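Subject: Handing over the structure, with notes

Dear colleague,

I am passing this structure on to you, and I would be glad if you read the notes below with the model open beside them.

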Amino acid sequence: PSIPRHTNRLINEKSPYLLQHAHNPVDWYPWGQEAFDKAKKENKLIFLSVGYSTCHWCHVMEEESFKNKEIGEIMNKNFVCIKVDREERPDVDKVYMTFVQATSGGGGWPMSVWLTPDLKPFVGGTYFPPEDGVHRVGFRTVLLRIAEQWKENKDALLENSQKILEALLHRSEIRVRGQESPPPSKEVMATCFQQLSNSYDEDYGGFSKSPKFPTPVNLNFLFTYWAMHRTTPEGARALQMALHTLKMMAHGGIHDHIGQGFHRYSTDKHWHVPHFEKMLYDQGQLAATYSRAFQISGDEFFADVAQDILLYVSRDLSDQAGGFYSAEDADSYPTTASGEKREGAFCVWAAEEIRALLPDPVEGATEGTTLGDVFIYHYGVKETGNVSPMQDPHQELKGKNVLIVRCSLELTAARFGLELGQLGALLREGRRRLSAARAQRPRPHLDTKMLAAWNGLMISGFAQAGVALAEQKYVSRAVQAAAFLQRHLFDPTSGRLLRSCYRGKDNTVEQSAVPIQGFLEDYVFVIQALFDLYEASLEQGWLEWALQLQHMQDKLFWDPKGFAYFSSEAGDPSLLLRLKDDQDGAEPTANSVTVTNLLRAACYSGHTEWVEKAGQILAAFSERLQKIPITLPEMARAAAVFHHTLKQVIICGDPQGEDTKEMLRCVHSVFSPNKVLMLADGDSAGFLYRQLPFLASLERKDGKATAYLCSNFACSLPVTSPQELRGMLCP
């Protein structure tokens with residue numbers, strides 16, 4: 001590669017996204033005191049640009065504007081320019097995204113915001129084209145107009161920014177009004193179910209027209225709703241909606257049929273043409289959701305999809321030290337000789353490419369049939385490409401195909417006169433050859449940043465799949481990743497989590513000069529992961545760590561006045577707002593997940609004040625939960641668990657005994673949203689016996705592994721047969 005003309009301060013950063021901009025002609029600063037001081041000293045406005053390394057439109061804006069020398073000069077002359085990776089600093093991102101959404105009615109990345117020298121926002125947007133067009137003002141024009149305004153009307157601008165900040169503070173406040181109690185869970189569940197049911201797509205599954213996101217939070221809500229209403233028509237519909245959506249997603253182009261794993265979202269209602277980036281948080285949540293679907297339905301199809309996701313993550317997103325990388329990009333070079341990247345280039349196929357790779361005649365099929373014919377028919381491939389121009393504004397996918405399962409195995413088999421088993425083998429062979437051909441293409445960029453929160457979600461995915469699919473290797477992978485977190489993303493002296501670490505030179509794990517401290521979501525998703533990991537591995541060390549982290553989370557983020565947790569801790573003067581998120585989106589919001597965490601923590605520790613806190617969070621979000629629970633399906637789910645109180649399923653037995661293992665297999669095979677599993681191994685000096693003295697009174701009946709079902713520390717009669725236990729778990 002040629003020697004870069006420009007190099008700015010971002011060259012010293014660790015974030016792959018910031019490093020992508022280190023050679024722009026823009027004099028970028030990272031978020032920090034140096035930039036703030038410069039703005040104050042020179043009395044300049046700040047231009048803040050926020051994105052992430054696998055964001056398609058971020059690349060576009062960089063190519064068009066940030067690499068443009070003339071635009072760079074305008075930026076450097078008039079502004080102090082700051083670049084933020086939203087995955088490293090979700091706190092900064094949320095403050096200014098709240099502003100952009102409030103003032104423009106939309107939001108997204110790249111986010112472009114202009115701030116006064118004291119960091120107050122006054123103009124913002126997302127992507128700007130470089131020059132003026134028919135419908136949009138160009139970036140160059142916006143820069144010059146804002147610089148002009150600052151010269152002419154500085155006082156009005158400052159006054160206005162103060163008003164905006166006060167309005168934002170008022171608007172974004174979530175708190176208990178008076179002595180509210182948690183909302184009635186029956187109504188919240190019913191409303192949330194109704195709202196999901198009304199927005200459900202009967203044909204293709206999912207809960208919107210387009211774009212369609214996987215949103216596992218909706219599916220997990222429906223599974224819990226079904227478990228609590230198994231015998232009603234609504235319960236049956238909830239299950240059908242969730243399973244149909246999961247099936248259609250797995251058949252769709254959003255699922256990578258050749259390279260495994262799921263892309264971020266579909267641009268159409270058929271789950272066909274995706275935005276091709278692959279995010280760790282989706283893989284983690286979807287692995288758990290598909291495992292749950294298998295646990296409930298017994299249909300191997302769902303188990304296969306879960307294994308497919310975990311294969312992708314183990315192979316492509318895993319660091320040798322045990323952590324998980326953040327994401328893979330959507331854009332890549334079509335061939336090694338290409339000069340420019342295209343979206344989806346790594347994943348799409350021309351029909352003739354497939355024919356050339358799969359020319360073999362198929363035995364026993366209709367005369368003249370090749371493996372290519374069968375593959376092309378089954379995966380909806382068209383000679384001229386199967387992507388409609390509507391979904392391809394830049395014509396990057398012209399003549400190409402995104403594979404999508406268009407018909408059932410039975411239909412494809414009938415079409416070519418094949419046996420089902422034979423067809424399965426043929427499609428497997430086809431996928432194998434396409435995979436080998438794809439390995440020759442240039443790979444998309446890999447974001448090797450490792451985040452505590454997303455690693456937590458992925459550990460849960462491996463642990464839950466290990467339990468539901470009875471696969472020990474997945475539990476071992478989860479253990480390896482949790483040990484990685486303890487080693488690289490936890491500071492034992494302060495007892496605090498760190499947000500991120502990075503793959504460095506020669507594959508070592510590196511930390512930035514000033515490590516970023518963990519945010520609320522890091523604590524919440526890691527604590528959830530440790531509880532899931534305890535239930536899968538029954539190693540008490542993970543429980544002990546989870547409870548320590550829960551105490552730390554309470555100390556750093558709890559709002560004693562208005563209840564619930566703030567997303568970031570107090571004491572950072574550069575953060576204008578301490579916010580509480582109020583939406584379960586692509587990832588659940590931290591306050592939603594923490595409700596269930598607190599209930600689990602109370603079960604494992606006997607600290608009832610954690611149950612009280614869970615109720616206080618539900619009270620703080622009460623109004624939203626009663627009016628539009630569809631925006632908080634994970635919290636609505638947690639409200640039901642809170643209402644029904646968690647059942648402690650306690651197995652008294654020798655961890656190595658066959659009878660104990662049989663009882664555990666029984667617990668693991670049942671989907672029961674309000675159970676907490678623990679193993680009482682008789683070691684009275686162990687962590688659990690010290691936390692829960694009542695365990696000492698539970699004994700093994702006739703020397704056999706014995707199960708008790710306890711709730712509020714009162715226990716059922718002992719049972720020693722897995723059949724009886726199953727009956728108690730599925731009333």
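The notes below begin with how the model was treated and then go through what was found, part by part.

This is a predicted model, in which local features need pLDDT of at least 70 and side-chain atom pairs count only at pLDDT 80 or more, while totals for chains, interfaces and linings use all residues. Residues are numbered from 1 along each chain as its sequence is written, and side-chain values use heavy atoms, with hydrogens and water left out. Helices (H or I, at least four residues) and strands (E, at least two) are DSSP runs, numbered from the N terminus.

How many residues of strand 20 are buried? In strand 20 (residues 706-711), 5 of the 6 residues are buried, and the strand is thus mostly covered; buried means under 20% relative accessible area, exposed over 50%, and partly exposed in between, with a 1.4 Å probe and protein chains only.

The helices

Helix 21 has 16 residues (590-605) and, at 1.5 Å a residue, should span 22 Å, which agrees with the 21 Å between its end C-alpha atoms; the expected span is 1.5 Å times one less than the number of residues.

Two packed helices are described by the angle between their axes and the distance between the axes. For helix 22 (residues 609-620) and helix 24 (residues 633-644), the axes come within 11 Å and cross at roughly 135°, which makes helix 22 oblique to helix 24. Here axes are lines fitted to C-alpha atoms, for helices over the stretch in contact, and angles run from 0 to 180 degrees between N-to-C directions; angles under 35 degrees count as roughly parallel, over 145 as roughly antiparallel, 65 to 115 as roughly perpendicular and the rest as oblique. The crossing of helix 22 and helix 24 is left-handed, meaning that the near helix is turned anticlockwise from the far one by less than a right angle, whereas clockwise would be right-handed. Where they meet, V611, A614, G615, I617 and L618 come from helix 22, and M635, A639 and F642 come from helix 24.

The loops

Two cis peptide bonds deserve a look. One runs from W109 to P110, with omega near 5°, and P110 lies in the loop between helix 5 (90-104) and strand 4 (111-115). Another joins S210 and P211, with omega about -5°, and P211 sits in the loop between helix 8 (185-199) and helix 9 (216-228).

N507 is not a glycine, and yet it has a positive phi of about 60°; with 36% relative accessibility, N507 counts as partly exposed. D702, also a residue other than glycine, has a positive phi near 55°, and D702 is exposed, with a relative accessible area of 67%.

Finally, H445 is in the loop between helix 16 (420-438) and strand 12 (446-447). H445 and A327 are 118 residues apart in sequence but 8.6 Å apart in space, C-alpha to C-alpha. Leaving aside neighbours within four places in sequence, H445 is in contact (heavy atoms within 4.5 Å) with residues including P16, Q20, S53, A327 and K341.

With best wishes
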